[in-house]
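Here are some notes to read alongside the model, written for someone opening it for the first time. Have the sequence and the 3D view ready, and take the points in order.

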Amino acid sequence: MIAYLLFTFLILGPLKAETSGLKSRKTNQTLNLKHKEFQDQETAFSGQHCKPAHLVNLSHVYCGENFHHKIMNISTEDWCVLENIIRPYNDLTVCLETASHLVNCYYPNPDIQDFFLYIHSKYFHNCTKKEFLLEDAPHGLVITLTLIPVSLIPMLVYLVIWKSKIQE
C-alpha cells in the first residue's frame with residue numbers, strides 16, 4: 001500500500017485542488033523531468049521528521065541482534081550458502097524497513113545502506129566467489145578459425161558473379 005502511494009505520488013505528481021465549485025481533486029499527469037525533486041524523498045515528505053539516530057539504534061539493537069541470534073544457529077561454513085541464510089536475511093530486511101517507517105524515515109536510506117555494509121563485512125566477508133581466469137586460445141586455433149570464414153568470402157563473391165553472368 002505504501003509502495004503504491006509512493007509510486008502514485010512520485011510518478012503522477014501531488015494532488016491539486018481545483019478552484020471551481022466542489023474542489024474536486026485532479027492529478028497532474030505530466031512529469032517535469034527538468035525538476036528532479038521526485039528523486040529526493042526527503043523533500044517529498046517534508047512533513048515527516050526522520051529520526052536517523054533512532055533508526056541507527058533500532059537497526060543495531062533490535063534488527064541486528066535478532067539477525068545475529070538467527071545467523072549463529074547456522075554453521076559458519078554455511079553462511080555463504082544462500083538457501084541457509086535467505087530467511088534470516090529476509091527477516092532482517094523486513095525489520096529494517098519496518099524500523100525505517102516507525103521513525104518516519106524513507107527506505108532505503110544511507111543509514112540502512114551503512115548497516116547492510118556492516119552486516120556484510122561482519123558475516124559475509126569470506127563469501128566472494130573465486131573467479132576462474134579464462135585463458136586465451138592458442139594462436140594457431142585463432143588464426144585457423146579466422147582464416148576459414150575470411151577465405152570463403154572470395155569464393156562466395158566469385159559464385160555470385162558467375163551466377164549473374166549465367167542469368168544474363
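1. Cys80 sits in the loop between α3 and α4, while Cys127 sits in the loop between α5 and α6 (139-167), so to speak distant parts of the chain, 47 residues apart, that the pair links. The sulfurs of Cys80 and Cys127 are 1.9 Å apart, S to S; a disulfide here is a pair of cysteine sulfur atoms within 2.5 Å.2. A word on what you are looking at. This is a predicted model, in which local features need pLDDT of at least 70 and side-chain atom pairs count only at pLDDT 80 or more, while totals for chains, interfaces and linings use all residues. Residues are numbered from 1 along each chain as its sequence is written, and side-chain values use heavy atoms, with hydrogens and water left out.

2. How open are the two ends of that first link? Cys80 is partly exposed at 42% relative accessibility, and Cys127 is partly exposed too, with a relative accessible area of 27%. For these labels, buried means under 20% relative accessible area, exposed means over 50%, and partly exposed is in between (1.4 Å probe, protein chains only).

3. Now the overall layout. The chain has 6 helices and 2 strands, and from the N terminus on the elements run α-β-β-α-α-α-α-α. Helices (H or I, at least four residues) and strands (E, at least two) are DSSP runs, numbered from the N terminus.

4. How many disulfides does the structure hold? There are 3. If you number the bonded cysteines of the chain in sequence order, they pair up as 1-5, 2-4, 3-6.

5. Next, look at the disulfide that joins Cys50 to Cys105, with an S to S distance of 1.8 Å. The link of Cys50 and Cys105 is right-handed, with 85° about the S-S bond. Cys50 lies in the loop between α2 (41-44) and α3 (52-72), and Cys105 in the loop between α4 (82-102) and α5 (110-123), so the pair ties together parts that are 55 residues apart in sequence. As for accessibility, Cys50 is partly exposed, at a relative accessible area of 38%, whereas Cys105 is buried, at 3%.

6. One more disulfide joins Cys63 to Cys95, S to S 2.0 Å. The torsion about the S-S bond of Cys63 and Cys95 is about -80°, so this disulfide is left-handed. Distant parts of the chain are linked here: Cys63 is in helix α3 and Cys95 in helix α4, 32 residues apart. Both Cys63 and Cys95 are buried.

7. Is Ser100 buried or exposed? Ser100, which lies in helix α4, is buried, with a relative accessible area of 0%. Leaving aside residues up to four places away in sequence, Ser100 touches Leu55, Cys105, Tyr106, Tyr107, Asn109 and Ile112. A contact means heavy atoms within 4.5 Å.

8. Last, some totals for the chain. Buried residues make up 16% of its 168 residues. Among contacts between residues at least 6 apart in sequence, 57% join residues at least 24 apart. The accessible surface of the chain comes to about 13800 Å², and 62% of that belongs to carbon and sulfur atoms. Accessible areas come from the Shrake-Rupley method with a 1.4 Å probe, and for residues only the protein chains shown count as cover.
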